[in-house]
Amino acid sequence: MINQKNKIEIVYEDDSLIVINKPKNILVHPTTFNEDETIVGLLKDKINIKEFDDQVRPGIVQRLDKNTTGLMVIAKNKKVSDDLIAQINEDILIRKYLAIIHHNFKEDEIIIKAPIARSKGDKLKMVVSDDPKAKNAQTNIEVIKHFKDACLIECLLLTGRTHQIRVHLSYLHHPVYNDELYGQFDGYENYGQFLHSHYLRFIHPLTNQIMEFEKEPDDTFKSLIKKLESENK
């Protein structure tokens, strides 16, 4: 269902929470750098904002970068928000992402454990760091398809640090396609990185039902896969 007021695709909604398919080029919540339209702003009529201590990010239990697309769950009240955050901390809420990255991995399964901190040289960037203040971060990777000098991977997040997948992959010299901040521009103007939240699974905080969602990436993402497949021939 597309919300006609703001063109955000609502995949599921009840009195407690909303699952959306986040589009490109939109922030989840206001930041120091941008106060324009955000996911929070567009859905604020559905969220009991007054219940939250943080009224800038009410109901946000997982964040996607501005140009990362895909599934995310938003709580409508604090009780549900607290429950979903606890599920993330206990590895009950499962988040899987698809990414197209530069170069091939030799292995088909990779576990990246590398702490992340904010870059001291660029306030927009995060970096893998041995600073005592760096936060532990783990990304589990499974290679889905190898191309000539790239691959399609699935990333399972075990933690949720800012830019985590992009930072970890750049650290391993396998940056996400078209990620100008952590890699390079690959010719896709106004698109950003090829990173998509395609799978979400959690236990409904009120009904205890297992909620499972899957969403394919957009046509541009799929067209790059086809282009890379053709180069293999």
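What we are looking at is a predicted model, in which local features need pLDDT of at least 70 and side-chain atom pairs count only at pLDDT 80 or more, while totals for chains, interfaces and linings use all residues. Residues are numbered from 1 along each chain as its sequence is written, and side-chain values use heavy atoms, with hydrogens and water left out.

Strands here are DSSP runs (E, at least two residues), numbered from the N terminus, and two of them pair if DSSP finds at least two bridges between them. Strand β5, residues 109-113, runs antiparallel to β8, residues 138-146, over five bridges, and β8 also pairs in the antiparallel sense with β9, residues 150-157, over seven bridges. Three residues separate β8 from β9 in a hairpin, and in β9 it is C155 that stands opposite I141.

Turning to the interior, a nonpolar core is a set of buried Ala, Val, Leu, Ile, Met, Phe, Trp, Tyr and Cys residues joined through side-chain atoms within 4.5 Å, where buried means under 20% relative accessible area (1.4 Å probe, protein chains only). The largest such core has 45 residues, and I20, I100 and I153 have the most contacts inside it. Strand β9 gives this core its largest share, six residues. Leaving aside neighbours within four places in sequence, I153 is in contact (heavy atoms within 4.5 Å) with residues including Y97, I141, V143 and L169. Apart from this core lies another, of 14 residues, among them L17, V19, L84 and F213.

Methods. Helices (H or I, at least four residues) and strands (E, at least two) are DSSP runs, numbered from the N terminus. Buried means under 20% relative accessible area, exposed over 50%, partly exposed in between (1.4 Å probe, protein chains only).
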